[in-house]
Amino acid sequence: MSLYYEAAAVLANSENAGGSLKSRIYKNRDLKASPAQLFALISEASKWSLVLKDVVERCGLLAEEKKLTPTLALLLTHDLLVAKSGIAAHANHVLKLAVLRHKARLSAEFTKARIGRGYATLDALREAVDQGELEDSDQPPKELYRHPRWVRVNTLRTSMEEQINTTFAGYDKASNIREVQRAPASAKRYFEDPHIPNLLALPPKADLTKSEAYAKGAIIFQDKASCFPAYLLDVGPDDGDAIDGCAAPGNKTTHLAAMLAQRNMHAKRQKVFAYERDKARTITLEKMVKRASADSVVLIKRSADFLAADPDSEEFAHVGAILLDPSCSGSGIVGRDDAVKMHLPIQVFGGAPVATSQKNKKRKRDNDASQANGSTTFSLRLDDTVPEETPVEGQLSERLTALSTFQLRMLMHAMRFPKASKMTYSTCSIHFEENEGVVFRALASKIARARGWRILPRDRQVQGMKDWNRRGVLETEKMDVDMDLDHLQKEEICNACIRCEKGTDEGTMGFFVAAFVRDAEFVSEGVLSNAGAVENVEEEEEWNGFSDGGETSVATPMRQQASTASKSLKKKRKQRRTMIENE
Ligand SMILES: C[S@@+](CC[C@H](N)C(=O)[O-])C[C@H]1O[C@@H](n2cnc3c(N)ncnc32)[C@H](O)[C@@H]1O
């Protein structure tokens, strides 16, 4: 099979191989072509595909050359018109002949396309393509606020100063984030984040995957918002060990480990227990922890369910802090700008474009999956960075109920650890039900009340988080918990919660985080044994709102008066109980 047939087959991915483009190519032992050549052909052709798609269509190539599929036509046209070494096939190769027959028209259409886009020379067009500056005229204009490439400097391996002087030597320091959001891919510019220490923003398409710093774990790609939980947890030398209850791929785990190590240079050894239930993701977590040199701090609980961790076990006797980032709807996730996007030509008949799949139903021209689906674009992840979460599809409201039930359960389990006095709860979701909704329900639970868990108010948060202005949102109509709190008190709880929104000039994904704390008096043995009455999660679901009267401060919500649940709320709770029991 020639290079081009193999490239088309990789793109069609008829075997549904998972992973990024790179891993699909490099892990495929059956390929004859060199993986480097295949990867270069696909990623280069994709960069040019917006222009070449038009050229192939205007030339009517697909209608005339039955051997060519849209993908093959695009790849071959790329090599004919753009690649320095031309088409990589012998002179009589059937595919080469099919394209060479139209060389004059293809070249003429290419020149027209270049001039039409306002580029006087091929070099000028080449530069624009390299910098990802070509706009798709059929698409709405690019997002106003592009998503930067966030880079966390891993202090377990290096320092900010060292990275500025090595990896980012020769880069300009931007004075605001907009300068990097707007910058072309090749711009050497960084912005030092004002909220999170050791965090840099770079232009959206900055490619550092080949840098030594990335390979050695000195820098880690991690969205700004994803750095909030470990920073907000603010673990110090006196906080003992920590648990990350939902760890893979390990961004927050390694961040937490780096913060622990940094603050605890001379003192006791503190560990991070990292729980990950999923087997495949545990392998990723292990790799990530090793690459970040966090393996001396992090103890991985492989394929282990955090809910099965015994809070009273000797092993966790010194756990003072818990980071909880459970699975969620992923509705806050932002698609990366650096994915490979291949725009494919469609067949044009008498001036009207017709999708190949409609016209040639009988003729199996290739495994062109995207066209068979009626789409004319392939979108592939270029590198192997593992996403923290995969967005949920389908039946949102049912999924939100199931997810929030699970999230609450995880949070209440974390509240059982006898020596824990601080904890963060986060999601990359934009939905109240998974965010503030879970926080309210957790605060109202028996376990929180018995063990003295309360929300960490804004004014007691670590500086960068106190300064962050996007706070929790109160959606009263979605609250399915009875709380005898007045509006102002609910607003105060929301103000203690932190949100990030996607598509803003802050350059974050959609995210939510809240911190819970409890005072030393509650961490004492006596209070713990009283809390023994709170036995299990099923019982938690029976709670009746805030119980014993008295104080109404946000800091001690468990002292609020109980109120009677409405019928619909009772029904919802019953549904939730059934779900927990069925899990
Ligand atoms: C949102 S992701 C965590 C992302 C991670 N904190 C990071 O920053 O890289 C949630 C993870 O929790 C894991 N998980 C879900 N339920 C779990 C459970 N009961 N115990 C342990 N891990 C669980 C999932 O497999 C998934 O890898």
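Helix α5 (residues 70-81) packs against helix α7 (residues 103-116) at an angle of about 80°, and their axes lie 11 Å apart. That makes α5 roughly perpendicular to α7, a label for angles of 65 to 115 degrees. The contact brings together Thr-77, Leu-80 and Leu-81 of α5 with Lys-103, Leu-106, Ser-107 and Phe-110 of α7, where contact means C-beta atoms, placed from the backbone, within 7 Å. By class, this contact has four nonpolar, two polar and one charged residues.

This is a predicted model, in which local features need pLDDT of at least 70 and side-chain atom pairs count only at pLDDT 80 or more, while totals for chains, interfaces and linings use all residues. Residues are numbered from 1 along each chain as its sequence is written.

| Helix pair | Angle | Axis distance |
|---|---|---|
| α5 and α7 | about 80° | 11 Å |
| α1 (residues 3-12) and α3 (residues 35-59) | about 70° | 10 Å |

In α1, Leu-3, Glu-6, Ala-7, Val-10 and Leu-11 meet Gln-37, Leu-38, Leu-41 and Ile-42 of α3. By class, the α1 contact with α3 has seven nonpolar, one polar and one charged residues.

Finally, meet helix α13 (residues 251-263): its 13 residues reach 19 Å from first C-alpha to last, close to the 18 Å expected at 1.5 Å a residue, taken as 1.5 Å times one less than the number of residues. Helix α13 is mostly covered, with 10 of its 13 residues buried, meaning that 20 or more other C-beta atoms lie within 10 Å of a residue's own. Among them are Asn-251, His-255 and Leu-260.

Notes:
Axes fitted to C-alpha atoms, helices over the stretch in contact; angles between N-to-C directions. Helix = DSSP H or I, 4+ residues; strand = E, 2+ residues; numbered from the N terminus. Contact = placed C-beta atoms within 7 Å. Nonpolar A, V, L, I, M, F, W, Y, C, P; charged D, E, K, R; others polar. Buried ≥ 20, exposed ≤ 12 C-beta atoms within 10 Å, placed from the backbone. Parallel < 35°, antiparallel > 145°, perpendicular 65-115°, else oblique.
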